[in-house]
Amino acid sequence: MKKQLFFFFTVIAFFCYTSVSAQHADKNDSLRALFSTLKDSSEIYYTSANYEKSIEVNVKILNTALEINDPVLIHEGYRFLAYDYLALNDVSNVKENLKKSEYYALLSKNDNAIAVTYMDLANLFSYEDDGFDKSIKYHDKAIQQFEKIKDSVSLAKAHMNAAITYFYFEAYDTGYPYLEKAKLFALQHKTEDFQAGIENMYGEYYSYKKKYDVALESYLKSISIAEKFNLFGDLESSYYGYSIALQEQGNYKEALEAREKYEEYLLKNKNYHINCQ
């Protein structure tokens, strides 16, 4: 199954420049408003898997950030582009944009930007066959940095991404505590859509432990949430795991029905990507 890392759009405090003219300040305010509007559009396109359109908007975001000349915003522009290219499996452009994103994050000395950069590097290394140790190193650095700034929303997502990496490399028992913490932090906020991914991973974990009854309950919770929010990626993953767990229990008819639902969402997601090109 495709590894789905949880990419998040963070709200980072803007730098404030006091020694500027009123006219320049007005221009910057206008550009920052434009940046915020474009960022909202980018998130919509990215979460709906319209990556080509997301790239188009993110180029505008980057150009706006460069005009403002704020290293935090420039960092964001480059990282948004990096995740678009990651979704399109364009590794060369991913690395190029993340390298630039890291440069501007460190230049900004913004704790949040630096934490996000660690998360980005962890995600990048997790895609390399020999990148497990480097990935976990940066996952833990990201978590430590988010703990420093007491950002519980990002802590939920950072723990989630760490768990995904552990599970991807089949280190389920080591990754399980990260999943538990992701759920704990997520419960502090109304993030029902985020819960779909968490429940899906619980299903995967309990399937690994051969506790199929518990796994099925988790997958059904994930499916229920994903259907409510039209999370087709989660529906594809959850129905796949659900079908495997049913098959392991010998419920072949139900397993076949679940497999058909998985294939339905697999095709739907593939067609969506094609239509977005």
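**Figure 1. Arg 32 and Asp 70 pair up in a salt bridge.** In this predicted model, the closest N and O atoms of Arg 32 and Asp 70 are 3.4 Å apart; a salt bridge here is a side-chain nitrogen of Lys or Arg within 4 Å of a carboxyl oxygen of Asp or Glu. The pair links distant parts of the chain, 38 residues apart: Arg 32 belongs to helix H1 (residues 22-47), and Asp 70 to the loop between helix H2 (51-68) and helix H3 (71-87). Helices (H or I, at least four residues) and strands (E, at least two) are DSSP runs, numbered from the N terminus. Arg 32 counts as buried because its relative accessibility is 10%, and Asp 70 is buried with a relative accessible area of 0%. Buried means under 20% relative accessible area, exposed means over 50%, and partly exposed lies in between (1.4 Å probe, protein chains only). Residues are numbered from 1 along each chain as its sequence is written. As the model is predicted, local features need pLDDT of at least 70 and side-chain atom pairs count only at pLDDT 80 or more, while totals for chains, interfaces and linings use all residues; side-chain values use heavy atoms, with hydrogens and water left out.

**Figure 2. Glu 76 and Lys 39 join helix H3 to helix H1.** The side chains of these two residues meet in a salt bridge, at 2.9 Å from N to O. Glu 76 lies in helix H3 and Lys 39 in helix H1, so the pair ties together parts that are 37 residues apart in sequence. Both Glu 76 and Lys 39 are buried.

Figure 3. An α-helix has 3.6 residues a turn, so residues three or four places apart point the same way. Lys 53 is partly exposed, at 29% relative accessibility, and so is Glu 56, at 41%.

Figure 4. H4 (residues 91-108) has 18 residues and reaches 26 Å from its first C-alpha to its last, close to the 26 Å expected; the expected span is 1.5 Å times one less than the number of residues. Just after H4, Lys 109 takes a positive phi of about 60°.

**Figure 5. The largest nonpolar core holds 52 residues.** A nonpolar core is a set of buried Ala, Val, Leu, Ile, Met, Phe, Trp, Tyr and Cys residues joined through side-chain atoms within 4.5 Å. Met 160, Leu 179, Tyr 239 and Tyr 242 touch the most other members. At least two residues come from each of H5, H6, helix H7 (152-168), helix H8 (172-186), helix H9 (192-208), helix H10 (212-229), helix H11 (232-248) and helix H12 (252-276). H7 gives the largest share, nine residues. Apart from neighbours within four places in sequence, Tyr 242 is in contact (heavy atoms within 4.5 Å) with Leu 216, Tyr 219, Leu 220, Ile 223 and Ala 258. A second, separate core of 26 residues includes Val 57, Ile 74, Tyr 85 and Tyr 104.

**Figure 6. Lys 148 sits in helix H6, in a protein of 12 helices and zero strands.** Lys 148 is part of helix H6 (residues 132-148) and counts as exposed, at 55% relative accessibility. Its C-alpha atom is separated by 9.5 Å from that of Ala 115, 33 residues apart along the chain. Across the protein, buried residues make up 51% of the 277 residues.
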